[in-house]
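Here is a short briefing on one protein chain. Look at the structure first, then work through the points by topic.

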Amino acid sequence: MHPTPAVTTHAPARSAAKALAPANTIERYVGQRVAAVAAILLEALDERQHGALSPRTKMAGGDQLAALHGLRIFMLADWPFDEICRVHGAAALRAADISPRNADILGDEVLNLLAKIARTAAN
């Protein structure tokens with residue numbers, strides 16, 4: 001009599017696409033904006049490691065952060081903006097093959113920058 005081999009059934013992997021909100025939602029749009037800022041942050045870090053931050057990257061980062069700050073002002077009274085940024089920004093970054101840990105770190109950095117902008121704008 002032969003022993004029956006153990007069979008391990010794994011749950012299907014969660015697709016990053018399933019984690020994203022439907023295409024035409026404000027949550028997904030905010031997530032894409034967070035991912036855009038995060039990508040510019042990565043580009044800026046790479047430039048700094050290899051010399052100096054280019055004016056093009058600096059301008060792109062400022063433009064993207066200003067747009068995200070505008071969304072924050074628009075949404076803050078009625079939406080959980082920071083939570084939307086965290087969840088949907090991380091989902092957009094994971095969909096771009098960023099590890100979950102790094103997606104969370106990048107999302108936190110984007111939110112830290114937005115908080116600094118909000119403090120400056122309030123003064």
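Among contacts in the chain between residues at least 6 apart in sequence, 69% join residues at least 24 apart. Contact here means heavy atoms within 4.5 Å. The model is predicted: local features need pLDDT of at least 70, side-chain atom pairs count only at pLDDT 80 or more, and totals for chains, interfaces and linings use all residues. Residues are numbered from 1 along each chain as its sequence is written, and side-chain values use heavy atoms, with hydrogens and water left out.

**Overall make-up**

- The chain has 5 helices and 0 strands. Helices (H or I, at least four residues) and strands (E, at least two) are DSSP runs, numbered from the N terminus.
- Read from the N terminus, the order of elements is α-α-α-α-α.
- The chain has 123 residues, and 30% of them count as buried. Buried means under 20% relative accessible area, exposed means over 50%, and partly exposed lies in between (1.4 Å probe, protein chains only).

**The nonpolar core**

- The largest nonpolar core has 20 residues. A nonpolar core is a set of buried Ala, Val, Leu, Ile, Met, Phe, Trp, Tyr and Cys residues joined through side-chain atoms within 4.5 Å.
- Which members touch the most other members? They are Val30, Leu68, Phe81, Val110 and Leu114.
- H2, helix H3 (55-75), H4 and H5 each give two or more residues to this core. H4 gives the most, with 6 residues.
- Phenylalanine 81 is in contact with Val30, Leu68, Leu71, Arg72, Met75, Leu76 and Leu114, leaving aside its neighbours within four places in sequence.

**H3 against H5**

- Two packed helices are described by the angle between their axes and the distance between the axes.
- H3 and H5 pack at an angle of about 75°, and their axes are 10 Å apart. Axes are lines fitted to C-alpha atoms, for helices over the stretch in contact, and angles run from 0 to 180 degrees between N-to-C directions.
- H3 and H5 are therefore roughly perpendicular to each other. Angles under 35 degrees count as roughly parallel, over 145 as roughly antiparallel, 65 to 115 as roughly perpendicular and the rest as oblique.
- H3 brings Leu65, Leu68, His69 and Arg72 to the contact, while H5 brings Val110, Leu113, Leu114, Ile117, Ala118 and Ala121.
- By class, this contact of H3 with H5 has 8 nonpolar, 1 polar and 1 charged residues. Ala, Val, Leu, Ile, Met, Phe, Trp, Tyr, Cys and Pro count as nonpolar, Asp, Glu, Lys and Arg as charged, and the others, Gly among them, as polar.
- Histidine 69 lies in helix H3. With a relative accessible area of 12%, histidine 69 is buried.
- Not counting residues up to four places away in sequence, histidine 69 touches Leu114, Ile117, Ala118 and Ala121.

**H2 against H5**

- The axes of H2 and H5 come within 9 Å and cross at roughly 95°. H2 and H5 are therefore roughly perpendicular to each other.
- On the H2 side, the contact is made by Val34, Val37, Ala38, Leu41 and Leu42; on the H5 side, by Leu106, Gly107, Glu109, Val110 and Leu113.
- The residues of this contact divide into 8 nonpolar, 1 polar and 1 charged.
- Valine 37 sits in helix H2 (residues 26-49). Is valine 37 buried or exposed? Valine 37 is buried, with a relative accessible area of 3%.
- Valine 37 touches Gln64, Leu65, Leu68 and Val110, not counting residues up to four places away in sequence.
- Valine 37 and glutamine 64 are 27 residues apart in sequence, yet 6.0 Å apart in space, C-alpha to C-alpha.

**A loop residue**

- Aspartate 97 is in the loop between helix H4 (81-95) and helix H5 (100-122). At 71% relative accessibility, aspartate 97 counts as exposed.
- Aspartate 97 is not a glycine, but has a positive phi of about 65°. Most residues other than glycine have a negative phi.
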